[in-house]
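Here is a walk through a predicted model. Keep the sequence and the coordinates open side by side.

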Amino acid sequence: MCRIKELREEKNISKAELAKLIELEVDEPSDIDNVDDYRKLDQEQVEKIAMLFGVTVAYLKGNIQYLSKEEREYRKKIKEAAQKEFENFKANCPYDDFDDAISPRVSAMAQLCIAANLIRVTETIEEVSDHLYELNDTIHSYGVASLR
């Protein structure tokens with residue numbers, strides 16, 4: 001998986017431009033290929049690439065899934081719709097007076113709330129996972145530094 005290459009191409013940045021941005025020394029013409037492989041870069045260079053593209057180091061290394069702007073917007077809309085529907089329901093439907101006429105609405109609202117809560121759980125897991133991978137990278141870099 002070559003996420004650096006994907007991001008670089010998405011932003012129309014050449015290998016040479018990225019190499020210059022991360023201060024990669026290019027002694028041989030083939031060295032320019034190293035810019036797309038995080039394993040051939042030092043930690044500082046990988047961090048610069050992550051900051052440049054607005055992603056995490058864990059994402060660049062393939063440890064976590066990156067969400068597209070569309071996916072983030074979709075999740076946001078689901079959560080907002082669930083909140084809006086719940087507030088509307090609370091304002092217009094007395095809790096002690098359910099009848100068969102509003103059962104489908106209650107069911108739809110419940111499903112929307114479940115979807116929104118599943119999204120929240122998923123986002124929490126993704127965030128924790130991201131932090132764990134960043135912590136692992138930090139621990140690894142300290143271990144490597146102490147060996148020098």
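Start at D37, in the loop between α2 and α3. Is D37 buried or exposed? D37 counts as buried because its relative accessibility is 17%, and buried means under 20%. The side chain of D37 also has a partner: it makes a polar contact with the side chain of R39, at 3.0 Å.

Follow R39 next. Its charged end sits over the ring of Y38, 5.9 Å from the ring centre. Pairs between aromatic rings are another matter: the structure holds 0 of them.

Y38 leads on to L60. Setting aside neighbours within four places in sequence, L60 is in contact with R3, I4, L7, Y38, V46, I49, A50 and V55. L60 also belongs to the largest nonpolar core, which has 20 residues. L60 is among the residues with the most contacts inside that core, along with L18, I22, L41, I49 and F53. Which helices supply this core with at least two residues each? They are α1 (3–10), α2 (15–21), α3 (43–53) and α4 (57–60). There is a second, separate core of 8 residues. Among its members are I78, A82, C93 and C113.

Now look at α1 on its own. Its buried residues are R3, I4, L7 and R8. Viewed down the helix axis, these buried residues fall within an arc of 135°, so they line one face of α1. What lies over the buried residues of α1? The cover includes α2, α3 and α4. After α1 comes N12, with a positive phi near 55°.

Step back to the whole chain. The secondary structure comes to 6 helices and 0 strands. Along the sequence the pattern reads α-α-α-α-α-α. The protein has 148 residues, of which 28% count as buried. Take the contacts between residues at least 6 apart in sequence: 52% of them join residues at least 24 apart.

Technical notes
Residues are numbered from 1 along each chain as its sequence is written. This is a predicted model: local features need pLDDT of at least 70, side-chain atom pairs count only at pLDDT 80 or more; totals for chains, interfaces and linings use all residues. Side-chain values use heavy atoms; hydrogens and water are left out. A nonpolar core is a set of buried Ala, Val, Leu, Ile, Met, Phe, Trp, Tyr and Cys residues joined through side-chain atoms within 4.5 Å. Buried means under 20% relative accessible area, exposed over 50%, partly exposed in between (1.4 Å probe, protein chains only). Helices (H or I, at least four residues) and strands (E, at least two) are DSSP runs, numbered from the N terminus. Contact means heavy atoms within 4.5 Å. A polar contact is a pair of N or O atoms within 3.5 Å; within protein, one must be able to donate a hydrogen and the other to accept it, and residues adjacent in sequence count only if both atoms are side-chain atoms. Rings of Phe, Tyr and Trp (its six-membered ring) pair if their centres lie within 6.5 Å; planes under 30 degrees apart count as stacked, over 60 as edge-to-face and the rest as tilted. A charge sits over a ring if NZ of Lys or CZ of Arg is within 6 Å of the ring centre and within 35 degrees of the ring normal. The arc is that of the directions from the helix axis to the C-beta atoms.
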